[in-house]
Amino acid sequence: MSWHVFFDLDRTLWHHERNAEEVLREFCTEFSALKDVDPEEFAASYQRINDDLWDIIQAAGYSVDYVRKRRFPQLLALCAPGLTTKVRRELAQSLEKAFTQRTPDRAHHYEGMIPVLHDLLHQGYVLHVLTNGVLESQSRKIAAMGLQDVFSTHTTSDLAKAYKPDRAIFTYAMRAAGCLPEESVMIGDSVLRDVCGGRQAGMKTIWFCAPDALKPDAEGEADGVFSAYSDLPEALSRIGCPPFSSRS
């Protein structure tokens, strides 16, 4: 039996904060209306607003358009309150378009992640992506990191018509992968969505707690935990998921 390992994408493989901050800092130099805005405050405020809006759509089942129509208007109202309504509306539309065009093609990721994934693949693990997001942008992130050939399947919330931690998206992912819960592992940074969601779907779970991770978003206990990708192979073995090559 080969173990099927499902990875969350944002904040687990693809470094959400670093990629978004890079683009947002560019905006502060490119758009004259933002010349007096502190880039660091702009990026930090974006993260808070974006995360809050994502919490709403994941709880209510709304599409990502709900977030995309609101995050930059809210951000400009907070960080550039002196803009007229017309300028704010037009600038928000321009920023949203540029952000969705640029950000998925940025490739900042967690240290050591890429060689470890290739090692796992060669050891007989079957790797997948299971992410709240839309297929178009999430596939571009995977391509930007050069991981197109690493993952056997990509499950996104728009394909599954459900968000983690809803059991439906995990069921969809395992069905697409052709595996059962007892041979599946979910790895992600969110205790609520990845750990609790994966456990409820019958999967083993490993929590990725990066050095710069956000505070846990729920109470829950994963089967394993790691903070550096160099420790992931051992974390898999410790929870009873050794590589294919080491099984008798």
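A residue counts as buried when its relative accessible area is under 20%, and this cut-off is used in each of the views below, which show a predicted model.

**View 1. Thr-103 in the loop between two helices.** Thr-103 is found in the loop that lies between α5 (85-102) and α6 (113-122). Its relative accessible area is 5%, and because the cut-off for buried is under 20%, Thr-103 counts as buried. A polar atom of the Thr-103 side chain lies 2.8 Å from the backbone oxygen of Phe-99. When neighbours within four places in sequence are left aside, Thr-103 is in contact with Trp-14, Asn-19, Ala-20 and Val-23.

**View 2. The open parallel sheet.** Strands of a sheet pair through backbone hydrogen bonds, in either a parallel or an antiparallel way. Here, β2 (residues 126-131) pairs with β3 in the parallel sense over 4 bridges, and Thr-131 stands opposite Thr-156 in β3.

**View 3. Strand β1 and its two partners.** Strand β1 is joined to β2 by 4 bridges and to β4 by 4 bridges, and it runs parallel to β2 and to β4. Which way do the side chains of β1 point? His-4 and Phe-6 point one way and Val-5 and Phe-7 the other way, and all of them are buried.

**View 4. The buried side of helix α9.** Within α9 (residues 167-177), the buried residues include Ile-169, Phe-170, Ala-173, Met-174 and Ala-177. These residues cover an arc of only 130° around the axis, which puts them on the same side of α9. Among the elements that cover them are β1 (4-7), β2, β3, α8 (157-160), β4 (184-188) and α10 (191-200). At the start of α9, a side-chain oxygen of Asp-166 reaches to within 2.8 Å of the backbone nitrogen of Ala-168, and just after α9, Gly-178 takes a positive phi of about 70°.

**View 5. The buried side of helix α4.** Arg-71, Phe-72, Leu-75, Leu-76 and Cys-79 are the buried residues of α4 (residues 71-79). Their arc around the axis is only 125°, which puts them on the same side of α4, and the elements that cover them include α1 (16-30), α2 (39-60), α3 (65-68) and α5.

**View 6. The nonpolar cores.** The largest nonpolar core has 31 residues, and those with the most contacts inside it are Phe-7, Leu-13, Leu-117, Phe-151, Tyr-229 and Leu-232. At least two residues of this core come from each of β1, α6, β2, β4, β5 (204-208) and α11 (232-238), and α6 gives the most, with 4 residues. Beyond its neighbours within four places in sequence, Leu-13 is in contact with residues including Phe-7, Leu-117, Val-129, Phe-151 and Tyr-229. A second, separate core has 29 residues, among them Ala-20, Phe-42, Leu-95 and Tyr-163.

Conventions
Residues numbered from 1 in each chain as written. Predicted model: local features only at pLDDT ≥ 70, side-chain atom pairs only at ≥ 80, totals over all residues. Heavy atoms only, no water. Pairing = 2+ DSSP bridges. Buried < 20%, exposed > 50% of the residue type's maximum accessible area, 1.4 Å probe, protein only. Polar contact = N/O pair within 3.5 Å; in protein donor to acceptor, adjacent residues only side chain to side chain. Contact = heavy atoms within 4.5 Å. Arc of directions from axis to C-beta. Core = buried A, V, L, I, M, F, W, Y, C linked by side-chain atoms within 4.5 Å.
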